[in-house]
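Reader: I am new to this structure and would be grateful for a guided discussion of its helix packing and one of its pockets.

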Amino acid sequence: IPQDRLRNFCIIAHIDHGKSTLADRLLEATGTLTSREMQAQVLDSMDLERERGITIKSHAIRMRHTAEDGETYALNLIDTPGHVDFTYEVSRALNACEGAILVVDAAQGIEAQTISNLYLAMGQDLEIIPVLNKVDLPSAQPDIVAQSITDLIGGDPADVLKVSAKTGVGIDAVLQAIVDRVPPPGGDPDAPLQSLIFDSTFDTYRGSIVYVRVKEGTLRKGDPITFMATNAKYNAEEIGYLKLGMEPMPELTPGEVGYIIGSVKDVQDTKVGDTVTHTRGGASEQLPGYRDVKPMVFSGIYPTDSADFEDLRAALERLQLNDAALTYEPETSAALGFGFRVGFLGMLHMEVVQERLDREFNLDIVTTMPNVRYSVELTSGETIEVENPSEMPDRGIISEIREPYVTAQIITPTEYIGALMGLCQERRGTYITQEYITTDRVDLQYELPLAEIVFDFYDKLKSVSRGYASFDYEFIDERTSDLQKLDVMLNGDPVDALSTIVHKDKAYDMGRRLCKKLRELIPRQMFDVAIQAALGNKVISRETVKALRKDVTARCYGGDISRKRKLLEKQKEGKKRMKQIGAVEVPQEAFLAVLSMD
Ligand code: GTP
């Protein structure tokens, strides 16, 4: 198919607005697969993804479509992850496209990820095709929602496509709009090769499989290739298109989307955003925008049974093969023994990894409170990065601590504005702006320390807005804050895994509440357990778990675990994860106590 009949596009949407369902309909309408093959939503192949309804990794699929002009077009649908944790992956996937279908649920209206994804797409200069989905629903308000979309992106509300991905209404119009409105890709087949890696997966037998979009030049089967960011060299042993499976082809020309297999054993060589070129006569410059992804959120992961340490290492190694953004380093905790400090892109990424360790590898793990990375300037002039609160140096030798900040975008019905502002204020937020999307919906922007949202911000946001507010965030920079390390001691022994970094103004309150919560979570033992919180050498709070008396029936603990901590819920049913700290038995919940504090 000639270059001017290629169309590369993606679908962007807020979670649950129908991205996967629409993709299915497009595949079906173009005969790419039958409705029977469709039964499982094909683009979400991981079990976990289907359950959560979140597309975690991007994939691509090629469709053939005969348009109204009678010509056959090749349409490459590039799937993008929808969540902010994966912003960088989203932006690379968008960069492989010329157009984006913006799906908005006609009953729900614009939500936080609608806007954050739209901004990303506009930042890449993509042609935006607005689509209202779920017009079959009785609660759909197509006119109002169409108006609010054109308020954002311009144009006439009457031109917003109205579809039902469920019933199939309006699907042909979407295909025609892709042909008519998405520009064909540019690129010179004779130029030096530049192809963008927008995703990769790992196959045990064939090594890393990279998904690319050719921007310039032509890649032929067997060509020696170089990954420019790492300067790693391989041969393009097999190349081809991505259909339901992989379809080998002799060459990939400009504008094409496809895969390359080259016996790449080290996934670190195939980074999303990197450029693949020819080893001889290749491009001298990488495509713009490449960056190394850096984890933003960290947590200690320890085997409940220390004998499982090597199994945990093997599991993390396996996960990393398909997830280059995941980092891990062995660490030792006086309280928890041998484990790993694991780095994640964000909260969702963390939950997904923890859940996979539990489910796919059947590992019994204890996780510590998530924290962010701090840049600490010492009085000696040296700057260090602290990824584990217990490693925060003594205050005496610190001249400054910087912490990551994000901009948060909250979309909410107007009646919850006050409560949400209160929440942001309480989390050390700075108000930026507020804009009305419709008469009764507002886009609220705040700057917040990332540390304040890694805990339970999302749950709190949902509860103060009765589930109606949606939220997205993006890293902006690091800022100086007055932070302190809060330590916890059980019967006088410091428990390093319970150390947290808190803002000075909140330290006392936090210490008090943490001790209270721990008293609820730690079961009674044969002796009194003293729980103390300390700032430096100064104890600021104390609680006691009274020794068990014979006539007391075992007390139920761990009642109000936040909804997000599904992992913990599951534990409640079966085994209780306990860690022995000194003589004290401590349940897993205690290490996440901060999450369940009121
Ligand atoms: P994520 O993968 O979580 O981002 O969700 P998604 O945007 O891919 O949404 P998905 O396609 O999974 O659809 C979410 C829900 O909406 C599912 O229960 C669908 O069956 C339903 N749905 C999708 N399209 C329509 C539609 O046109 N009408 C109706 N009534 N329901 C729809």
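Author: A crossing of two helices is called right-handed if the near helix is turned clockwise from the far one by less than a right angle, and left-handed if anticlockwise. The model discussed here is a predicted one.

Reader: Which hand does the crossing of H3 and H4 have?

Author: Helix H3 spans residues 87-95 and helix H4 spans residues 112-123. Where H3 passes H4, the crossing is right-handed.

Reader: Why is H3 described as oblique to H4?

Author: The two helices pack with their axes 9 Å apart, at an angle of about 45°. Angles under 35 degrees count as roughly parallel and those of 65 to 115 as roughly perpendicular. The angle of about 45° therefore makes H3 oblique to H4.

Reader: How many nonpolar, polar and charged residues does the contact of H3 with H4 have?

Author: From H3, the contact draws on Thr87, Val90, Ser91 and Leu94, and from H4 on Asn117, Leu120 and Ala121. Divided by class, these are 4 nonpolar, 3 polar and no charged residues.

Reader: Which element gives the largest share of the lining of the second largest pocket?

Author: This pocket has a volume of about 900 Å³. Among the elements that give two or more residues to its lining are strand S7 (194-203), helix H7 (309-321) and H3. The largest share, 5 residues, comes from H3.

Reader: Which residues are closest to the centre of the second largest pocket?

Author: The lining comprises 43 residues, which divide into 19 nonpolar, 10 polar and 14 charged. Those closest to the centre are Tyr88, Arg291, Val293, Lys294 and Leu345.

Terms used. Residues numbered from 1 in each chain as written. Predicted model: local features only at pLDDT ≥ 70, side-chain atom pairs only at ≥ 80, totals over all residues. Heavy atoms only, no water. Axes fitted to C-alpha atoms, helices over the stretch in contact; angles between N-to-C directions. Helix = DSSP H or I, 4+ residues; strand = E, 2+ residues; numbered from the N terminus. Parallel < 35°, antiparallel > 145°, perpendicular 65-115°, else oblique. Contact = heavy atoms within 4.5 Å. Nonpolar A, V, L, I, M, F, W, Y, C, P; charged D, E, K, R; others polar. 1 Å grid on protein atoms, 1.4 Å probe; cavity = no way out; pocket = protein on both sides within 12 Å on 5 of 7 lines; lining within 4 Å. Points joined across faces, edges and corners; volume = space filled by probe spheres on them.
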